[in-house]
Amino acid sequence: MGPDTIKELLMLTDPQALAQMRRHYLFHKLPQAAFDELCKTALLRQVDANQPIFQQGDSAERFYLVVSGQVKLLRLLPEGQEKLVEVIPFNHTFAEALMFSGMRQYPVSASAMQQTTLISIDSANYRRLLEEQPAICFDILAHLSLRLHQRLQEIDTLTLANAGRRVARFLCQEQAHHAGTIQLNAPKRLIASRLGIQPETFSRILHRLIDAGLIAMDRRRIDVIDAHGLAHYCES
């Protein structure tokens, strides 16, 4: 039966979920008739915390919009370790790029980090509708290019041998998007996994940055006090 099990699925009729989907950049320029047709094969999916959405290697037939909650994407490495790839927040999509890559299987596993509501969208149906609306593709490509640029920045961070520089680079990238205040969207152990370091190393480096007067921290909130100093730390 695929990654979507019947007991978790509802027909997509909820007005708020439909309105949220309509506002998303993947759908907001679709003609109404095309949007209505897409919604006929879209489903509303409720997933409990820590429950899987799909597994690495499953057939990649659908992509998802997070209506509420959070989703983590994990990749199982050849040596058997799981590595955090990305945390998908509210109102973001995931697995949509596979439609254009030709990949037939999900390269990662996805699971809910908390009680999560998703819109599950038929990839083949969406791609067919796009082929009938070529002008819309340019706007979508612009958004996908921006996401690719962000992924390349993250890869640059992971190539840094020094763990302190990885953490500082990560904070610099995050604060650039959040005007100096960072709200960590995942537990520290998952962020540490994403940066390729141990959780205790991540905590130790954060305390080092606090002692240096570069950041202040309260639970998952981090305030960048000295952005110039933090940027210099990235390069030192």
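Residues are numbered from 1 along each chain as its sequence is written, and side-chain values use heavy atoms, with hydrogens and water left out. In this predicted model, local features need pLDDT of at least 70 and side-chain atom pairs count only at pLDDT 80 or more, while totals for chains, interfaces and linings use all residues.

**Exercise 1.** State how many salt bridges the structure holds.

*Solution.* The criterion is a side-chain nitrogen of Lys or Arg within 4 Å of a carboxyl oxygen of Asp or Glu. Under this criterion, the structure holds five salt bridges.

**Exercise 2.** Characterise the pair Glu-131 and Arg-127.

*Solution.* Step 1: the closest N and O atoms of this salt bridge are 3.7 Å apart. Step 2: both residues belong to helix α4 (residues 123–131), where they are four residues apart, about one turn of the helix; helices are DSSP runs of H or I with at least four residues, numbered from the N terminus. Step 3: accessibility is classed by relative accessible area (buried under 20%, exposed over 50%, partly exposed in between; 1.4 Å probe, protein chains only). Glu-131, at 56%, is therefore exposed, whereas Arg-127, at 37%, is partly exposed.

**Exercise 3.** Determine which residues are linked with Arg-128 in a network of salt bridges.

*Solution.* Step 1: Arg-128 forms a salt bridge with Glu-132 at 3.3 Å, N to O. Step 2: the network links Glu-37, Arg-128 and Glu-132. Step 3: Arg-128 is partly exposed, at 33% relative accessibility.

Terms used. Helices (H or I, at least four residues) and strands (E, at least two) are DSSP runs, numbered from the N terminus.
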